[in-house]
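Hi,

Here is the structure I said I would pass on.

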Amino acid sequence: MDHTVTDRFDTGRFEAGRNRLASLAYRLLGSAADAEDAVQDAFLHWQAADRQRIEVPEAWLTKVVTNLCLDRLRSAHARRERTVGAWLPEPLLEGDPMLGPADTFEQRESVSLAVLTLMERLSPLERAVYVLREAFSYSHAEVAGILDITESASQQHLHRARRRITTARRRGGDEVDRAAARRIVEEFLAAASSGRTERLVALLTDDATAVSDGAGLAKRLLRFDTPQRIAAVARAGFKPTPAKRRLAGGTPAVHFALVNGAPALLFVLGDHHVIGAVTFDIANGRIATVRGIAAPARLVRLTEAWRQHEPGTPLMARW
């Protein structure tokens, strides 16, 4: 086999595992754009390596991608950019291969916006151990090999990560069926756009929270911590006005979608340009968390996925 054929064969081996590597990188970084960069850097490492000496390519590539992600998480730039309270994960549309694997509850939860946000509180090593164990089912021996730590250290990091995430998730969202989630979101949209404050408060849990990136214009996330305040903000934010339409660049339609496994409202200009996403965590039939994401850089991949999507009838044709 000549070098050209070998290179094509080895490139094919890499491409066969690209989606798995991207889903690993996304869970570690919370950003699809950064995940794509990490996977591309891993491909360059793969091309430069003596591939004949790599016995298990999947394990080798997993280690390379994980450590590239850890380097990003540890960088001074990332620490400034990802300060808790100033950062939200990048949302992904249902069916995006970066969301896989999703066979178990733990795998689905590890890619929820709630857990991706909570993982910002973990150290890079705790985050890596948690993702490798919970989402990819690696043994502690395998995790130790990937991260160059002991099995005991892997177990300790996992214990701390689980404890921190479980404690913070006690008031988090449930897995709900699509029909039930849609009904709750439709009620929220109807109440918010018509200004029915009492109905909005009734849809929220007593300890509900809301967070918004302020369309990327604010230095820190905007946070609201009482049902009454959330209802007031939703009523003001969801009521369409000519000024808001000018700011949006037109009159968007509002669609129901699943984003990172959670029910969401997408504001879509034309047939494909997503200009805003509002996601909901549901707990005991009510809304526990509302997240508003409108920074254009955070909606690039979601918009690309929406272009390939066959949307149903919008909940609101002209917002």
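Below is what turned up, beginning with the pocket and ending with some backbone details. Please keep in mind that this is a predicted model.

The largest pocket has a volume of about 1100 Å³. It is lined by 37 residues, and S212, A215, I275, G276 and A294 are the ones closest to its centre. If you want to find your way around the lining, look for the elements that each give two or more residues to it: strands β1 (204-212), β2 (222-224), β5 (273-283) and β6 (286-293), along with helices α13 (227-238), α14 (242-248) and α15 (300-307). The largest share, six residues, comes from β5. Sorted by class, the lining has 25 nonpolar residues, seven polar ones and five charged ones.

**Around α15 and β3**

Helix α15, one of the elements in that lining, has R301, L302, T303 and W306 buried. Among the elements covering those buried residues are α3 (32-48), β3 (253-259), β4 (262-269) and β5.

Strand β3 is also where you will find V259. Is V259 buried or exposed? Its relative accessible area is 0%, so V259 is buried. Apart from neighbours within four places in sequence, V259 is in contact with P91, L92, A264, L266, T279 and L302.

How do α8 and α10 sit relative to each other? Helix α8 (residues 124-134) packs against helix α10 (residues 151-168) at an angle of about 90°, and their axes are 8 Å apart. The two helices are therefore roughly perpendicular.

T66 is in helix α4 (residues 57-74). With a relative accessible area of 0%, T66 is buried. Beyond its neighbours within four places in sequence, T66 is in contact with L24, L28, A128, L132, I146 and L147.

V176 is in the loop between α10 and α11 (178-194). At 35% relative accessibility, V176 counts as partly exposed. Again leaving aside neighbours within four places in sequence, V176 is in contact with A181 and I282.

**Backbone details**

Most residues other than glycine have a negative phi, and most peptide bonds are trans. Which spots depart from that here?

- The peptide bond from G100 to P101 is cis, with omega near -5°. P101 lies in the loop between α5 (76-81) and α6 (105-109).
- D148 is not a glycine, yet has a positive phi of about 55°. D148 is in the loop between α9 (140-147) and α10, and at 57% relative accessibility D148 counts as exposed.
- N284, also a residue other than glycine, has a positive phi near 55°. N284 sits in the loop between β5 and β6 and is exposed, with a relative accessible area of 73%.

Cheers

Key
Residues are numbered from 1 along each chain as its sequence is written. This is a predicted model: local features need pLDDT of at least 70, side-chain atom pairs count only at pLDDT 80 or more; totals for chains, interfaces and linings use all residues. Side-chain values use heavy atoms; hydrogens and water are left out. On a 1 Å grid over the protein atoms alone, a cavity is a set of points where a 1.4 Å probe fits but cannot get out, and a pocket is an open set with protein on both sides within 12 Å along at least five of seven lines; lining residues have an atom within 4 Å of a point. Grid points are joined across faces, edges and corners, and a volume is the space filled by probe spheres set on the points. Helices (H or I, at least four residues) and strands (E, at least two) are DSSP runs, numbered from the N terminus. Ala, Val, Leu, Ile, Met, Phe, Trp, Tyr, Cys and Pro count as nonpolar, Asp, Glu, Lys and Arg as charged, and the others, Gly among them, as polar. Axes are lines fitted to C-alpha atoms, for helices over the stretch in contact, and angles run from 0 to 180 degrees between N-to-C directions. Angles under 35 degrees count as roughly parallel, over 145 as roughly antiparallel, 65 to 115 as roughly perpendicular and the rest as oblique. Buried means under 20% relative accessible area, exposed over 50%, partly exposed in between (1.4 Å probe, protein chains only). Contact means heavy atoms within 4.5 Å.
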